[in-house]
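Let us walk through a protein model step by step. Keep the sequence and the 3D view open as you read.

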Amino acid sequence: VWEAWLLNRDVFCAFNDQQIVTYVLHRDTVDGPDCVAVGTTRLPYSHTPLTLHDGTAICLAQGGKLTPVRLETHSIHGDVRNLTADQLKLGFDQNIALKRLRDAWMLAQNINDNKLFEELGRTALYHLEVDLACRCYRQIGQGSKVLALEELSDIEDHNLLAGHVSVLLGQYDHAQELFLKSSEPSAALDLRRDLLQWEQA
């Protein structure tokens, strides 16, 4: 069952008689497309999910009655002003898992913890969301990363962009593979030169 809410279009669920499993499709990452299971929710007896909207599965129960079941992966929602510190952190973690990175940014601002901005920045990089990653690193004062990311903002070649992001994430072998597939394969040579790895160059 695919999520009907447009802002969560990469979320879908599979189910059996006992549970609903929530999955997220990552269309664009450093590693290419990926699909990840992010959590499970107990399915009440004799309920069949028909549709999914913003984390609520509408299920057909016995007797033809429609019953909403809130997914555990979406348990934190609503006005952030009414949430406790633990709920804010759980909401942040859920939004990261669901790839709702803009919502995670808003929660990180409310919590105001540099570790969360660092985590969100790395996640945004993994998903090739350079602008959001730049905002995160600017927020925690990592000027060198901000400058490096600003240089990537105009790159249109997916493999070239993913290669540069892999370098920032410390994944040098993967970066080399991506550079070699890109429109600028000489970037792989530049990488090994910068790392003083002459044999690989």
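Start where two helices meet. Phe-117, Glu-118, Leu-120, Gly-121, Arg-122, Ala-124 and Leu-125 in α3 touch Leu-132, Ala-133, Cys-136, Tyr-137 and Gln-139 in α4. Contact here means heavy atoms within 4.5 Å. Helices (H or I, at least four residues) and strands (E, at least two) are DSSP runs, numbered from the N terminus. By class, this contact of α3 with α4 has eight nonpolar, two polar and two charged residues. Ala, Val, Leu, Ile, Met, Phe, Trp, Tyr, Cys and Pro count as nonpolar; Asp, Glu, Lys and Arg count as charged; the others, Gly among them, count as polar.

A word on the model itself. It is predicted, so local features need pLDDT of at least 70 and side-chain atom pairs count only at pLDDT 80 or more, while totals for chains, interfaces and linings use all residues. Residues are numbered from 1 along each chain as its sequence is written, and side-chain values use heavy atoms, with hydrogens and water left out.

Now look at the geometry of this pair. α3 and α4 pack at an angle of about 155°, and their axes are 8 Å apart. That angle makes α3 roughly antiparallel to α4. Axes are lines fitted to C-alpha atoms, for helices over the stretch in contact, and angles run from 0 to 180 degrees between N-to-C directions. Angles under 35 degrees count as roughly parallel, over 145 as roughly antiparallel, 65 to 115 as roughly perpendicular and the rest as oblique. α3 passes α4 in a left-handed crossing. A crossing is left-handed if the near helix is turned anticlockwise from the far one by less than a right angle, and right-handed if clockwise.

Next, turn to α2. How do α2 and α3 pack? Their angle is about 165°, with the axes 10 Å apart. The two helices are therefore roughly antiparallel to each other. The crossing of α2 and α3 is left-handed. On the α2 side, the contact is made by Leu-101, Ala-104, Trp-105, Ala-108, Gln-109 and Ile-111. On the α3 side, Leu-116, Phe-117, Leu-120, Thr-123 and Ala-124 take part. By class, the contact of α2 with α3 has nine nonpolar, two polar and no charged residues.

Move on to Ile-140. This residue is found in the loop between α4 and α5 (143–150). Is Ile-140 buried or exposed? At 17% relative accessibility, Ile-140 counts as buried. Buried means under 20% relative accessible area, exposed over 50%, and partly exposed in between (1.4 Å probe, protein chains only). Leaving aside its neighbours within four places in sequence, Ile-140 is in contact with Asn-114, Phe-117 and Glu-118. The C-alpha atoms of Ile-140 and Gln-109 are separated by 11 Å. Along the chain, these two are 31 residues apart.

Charged pairs come next. Side chains of opposite charge can pair when their charged atoms come close. A salt bridge is a side-chain nitrogen of Lys or Arg within 4 Å of a carboxyl oxygen of Asp or Glu. By this rule the count comes to eight salt bridges. One of them joins Asp-10 and Lys-99, with the closest N and O atoms 3.2 Å apart. This pair links distant parts of the chain, 89 residues apart. Asp-10 sits in the segment before β1 (11–15), and Lys-99 in the loop between α1 (85–97) and α2 (101–111). Asp-10 is buried, with a relative accessible area of 10%.

Another salt bridge pairs Arg-102 with Glu-129, the closest N and O atoms being 3.5 Å apart. Arg-102 lies in helix α2 and Glu-129 in the loop between α3 (114–126) and α4 (130–139), so the pair ties together parts that are 27 residues apart in sequence. Arg-102 is partly exposed at 46%, and Glu-129 is partly exposed at 25%. Salt bridges that share partners also join Asp-10, Arg-27 and Lys-99 into one network.

Finish with the backbone. Most residues other than glycine have a negative phi, and most peptide bonds are trans. Ser-46 is not a glycine, yet has a positive phi of about 60°. Ser-46 lies in the loop between β3 (34–42) and β4 (48–53). Asn-112, also not a glycine, has a positive phi of about 55°. Asn-112 lies in the loop between α2 and α3 and is exposed, with a relative accessible area of 54%.
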